[in-house]
Amino acid sequence: MAQQRITDSLATLFTTHPVVFWHDVEGEFAPLVDSLQLEGVQLVRLDETPALRIKLDIDRVPDQRWLIYSAQPEPEPTKDWLLDVRLRSKSFRADSTSILLEDLGLMKQSLRQHLKDRAKFLRAKDRVDRLKRLVLPTDMAADLDAKMLAVLTRADQPDLFAMLQKLYAGMVVDGVAELNAQPKAWQDIAVNDLLPAFWALVQAQLGYQDAKPSLRDLLLRILVTDFCRSLTGDAPRQLAHLVLPQPNLAANASVFVGRWRSDIAQFANYNALAQAVADELNLVSLMTSQSAEQLVDCMTFEDVELRVVQDLKTRIVAGAGANMDVVRALMARRRDGHWANALLASANERTRALAACYVALTAAADFFALKAAHATGFSFADAGNAYAQYRDELFRFDQLYRHFHTAADAVEPMGWAVLHELCASIESVYSGWFIPQLSVAWSKVLEGPQGLLATWRLPEVTPQQQFFERKVLPLFDGNVKRVFVLISDAFRYEVAQELAQHINSRNRLRASLDGMLGVLPSYTALGMAALLPHQSLAYKEGANLDVLANGHLVASLEQRNDHLKAFGGMAVKAEDLMALGKDKGRELVRDQRLIYIYHDRIDMIGDKRASETKTFEAAAQTVQELAQVLGFVINSLNGSTVLVTADHGFMYQESALDESDKSTLDEKPVGTVIAKKRYLIGHDLGTSPKVWSGNTSVTAGTSPESSMDFWLPKGASRFHFAGGARFVHGSAMPQEVVVPVMTVGVSEADDAKTKLVGISLLGLVNKVVTNTQRFEFIQTDAVSERVLPRTVTVSLRDAQAGDKPISDVQTITFDSTSHLLDERKRSVLLTVLAGSHDPSKRYDLVMRDAVSNIEVLRLPIKVDLAFGNDF
């Protein structure tokens, strides 16, 4: 205690008592007694002045205040010459223990010896200051030890779990775990004689004891216990001796590990340590016989995730689309776990890769299921039926193929081979079955005197060259003052469908998707011209074969802008418009009634040999970029209606092409002006059984006198491979000519508002009697464009203790699109902390949104573990 503190305390005592006795038994404060500044107080020392003399002086000067100091204990009353004075005076204690008791606000004098035993810890003022913030007046010795441990480990609370997290964090340096490390906090615990207290706390809460306890051994025991507890069926016998022995306390290990994994500040340390332990255990070899069902609830080790992915991949390949419901359920559970959780993906490349594995597996399962539904191939009654089937369903082959490869590409940098077999199977079905089968069936409705090529018209399908007439003009007739047309080069129908889903998941926005019949050949110059307002399209003679709209060149942005002026419009690049910002953007479009916005990502990337392998990545970027443009136009430029379309689609395959993919021509026909991989354009080309042929007057509406003949390779073939060949367009496959046209607008109607799925608890579960309790929930709505999926966390909490969790925290995603209630059920297994839970007290089952942390559900629960233990 500082001198000023002693002075202040004594001064307070002298306000009510004229005589104060101070017995400093150990003489701790003898050197400073004489220097105390106490106004009006006479200091006398019992070791220097006889007691009788002091008594006489006090009686002689009754108004004087006296401080009687002694370095000896109080004498026995029968031998105390100053007893009568003492009985009407006040005693002052200033030994360090008494001061600490007072400083810490402790009520129990019985703690004096315990504080003396903790002298090493209490010697440091900063430690004492931090301890003060944690101590309660009623604390006992064990409470104080726990709080001293919290101070040394710098844990926020005197909670064993928090201390362990801090200690184990000290065993990870720069992301690398060292299981034999001795963290500084651990050394501090040893130096301050608190190791026995630490291990006593560990034994009380986890049941761990060992002749030579260590942090390393404790970590192995905790993680192995969690692993074995979460397995379905018997655990590997090689691990049995590492499982914590008391079942009820072993449950605490699972609660601790669950909290540790879910701590955003600590999960990276957990990941590193868990991997080090898995390597030490040679866990991979112990799981070779474990199935995904046995491992589905085990989140302890990343190796478990890899084993589950491996098992599910094998089933998907072997199942070929059959019996995928079990696989999907297993994937849903794993995606809610720790290692592949999309909510953590932004912070960890391995988590991103594992999350991508499940995206790939899901796409593959859906792809093979779709293939199984069309196992006999495709057969179309006519061209209209063929077009409708692709627009309404068959586009999913292309979309799932793209989703699979996009996800697989995200896994590839990890060097894992787990998806390689699946990649080969997907490629075999897509390039070896789907494309050939579709080509054959499509050819049958395309060719012949009555085929689609002969007329290039379909009932109730807008020809691309009539886009302005049929899609834009009716909007003006409906009193829309300003129409925006957003055109993305090579924006394939299946990519547009994904964008439509994305837009419809946003509140107040409504997107409706339809298709047009694209012009032939399906290439940029012709497709872009066809989308412009015009009365005539024509080819200009020359080596470039420029396309004219109303006699105007429209190849460049500047030329299209000049052309649109006649229609009260303008042309602008998407990135230039976005760069203007709200105010300048409004100024730009203020006097315009028709704004054509041009975007180019897919074609720019795909149509180059050096970058064509990034086509699918470009497609994903296109969805995000177009969504941003649409949001800007609607929210910042007050655009009430936006049409989104494309000049053409594209064909793409991941596997390299060989000679069988080339449509060999004996010789280029005389009259050829332009020769590309997917089309030839020229004069008087004639016909050939090896190609699809026609004239642009029929397939694009060009003026008969200035039209061109064309040849197209059949199916997915290419005329040549120069300059890259995986990404192509120009021919007449559905992927190229089913051109999307999407109408996006704002609606305040109720059916244009989005909401998250509802969730309810199934059954009457109002009491927990065992350490593990399963809760079953039902998703009350099916996920749709307007009803959005939701990821939530579920736990048991003590509302009277600040909503402190008394269980682990589990994550569940409700994203079922099924209209069957049984298929929308999800369950979760919660592990309750062992310990004293008042059976008469109310606890709560709490569900919170995993992203916003908003409470979704709270239900009262009784916890009576003693009842369960008795039976």
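**Figure 1. The second largest pocket of the predicted model is lined by 47 residues.** Those that lie nearest the centre of this pocket are G258, R259, S262, D263 and V809. The model shown here and in the following figures is predicted. A volume of about 1,300 Å³ is computed for the second largest pocket. Helix α14, which covers residues 247-262, gives the most to the lining, with 5 residues. By residue class, the lining of this pocket divides into 13 nonpolar, 17 polar and 17 charged residues.

**Figure 2. The largest cavity is lined by Y430, I435, M651, Y652, Q653, A716 and R718.** The structure holds 1 cavity of 30 Å³ or more. About 50 Å³ of space lies in the largest cavity. Which elements each supply at least two residues of the lining of the largest cavity? They are α22 (420-446) and β16 (651-652). The residues of this lining comprise 5 nonpolar, 1 polar and 1 charged.

**Figure 3. Strand β32 (residues 843-849) is largely enclosed by the rest of the structure.** Is this strand buried or exposed? Of its 7 residues, 7 are buried, so the strand is largely enclosed. A residue is called buried when its relative accessible area is under 20%. Both faces of β32 are covered.

**Figure 4. Strand β32 pairs with strand β28 and with strand β33.** Strands of a sheet pair through backbone hydrogen bonds, either parallel or antiparallel. Strand β28 (residues 790-798) and β32 pair in the antiparallel sense, over 6 bridges. Within this pair, R797 stands opposite D844 in β32. Strand β33 (residues 855-863) is likewise joined to β32 by 6 bridges, and these two strands run antiparallel. Here R848 stands opposite E855 in β33. Strands β32 and β33 form a hairpin, with 5 residues between them. In the turn of this hairpin, N853 has a positive phi of about 65 degrees.

**Figure 5. An open sheet is formed by 7 strands with mixed pairing.** The order of the strands in this sheet is β7-β9-β22-β15-β8-β14-β13. Which strands are the edge strands? They are β7 (462-463) and β13 (569-573), each of which pairs on one side only. Strand β8 (residues 483-488) and strand β15 (residues 641-645) pair in the parallel sense over 5 bridges. In this pair, V483 stands opposite T641 in β15.

Figure 6. Of the 871 residues, 54% count as buried. Among contacts with a separation of 6 or more, 71% are between residues 24 or more positions apart.

How values were computed. Residues are numbered from 1 along each chain as its sequence is written. This is a predicted model: local features need pLDDT of at least 70, side-chain atom pairs count only at pLDDT 80 or more; totals for chains, interfaces and linings use all residues. Side-chain values use heavy atoms; hydrogens and water are left out. On a 1 Å grid over the protein atoms alone, a cavity is a set of points where a 1.4 Å probe fits but cannot get out, and a pocket is an open set with protein on both sides within 12 Å along at least five of seven lines; lining residues have an atom within 4 Å of a point. Grid points are joined across faces, edges and corners, and a volume is the space filled by probe spheres set on the points. Helices (H or I, at least four residues) and strands (E, at least two) are DSSP runs, numbered from the N terminus. Ala, Val, Leu, Ile, Met, Phe, Trp, Tyr, Cys and Pro count as nonpolar, Asp, Glu, Lys and Arg as charged, and the others, Gly among them, as polar. Buried means under 20% relative accessible area, exposed over 50%, partly exposed in between (1.4 Å probe, protein chains only). Two strands pair if DSSP finds at least two bridges between them. Contact means heavy atoms within 4.5 Å.
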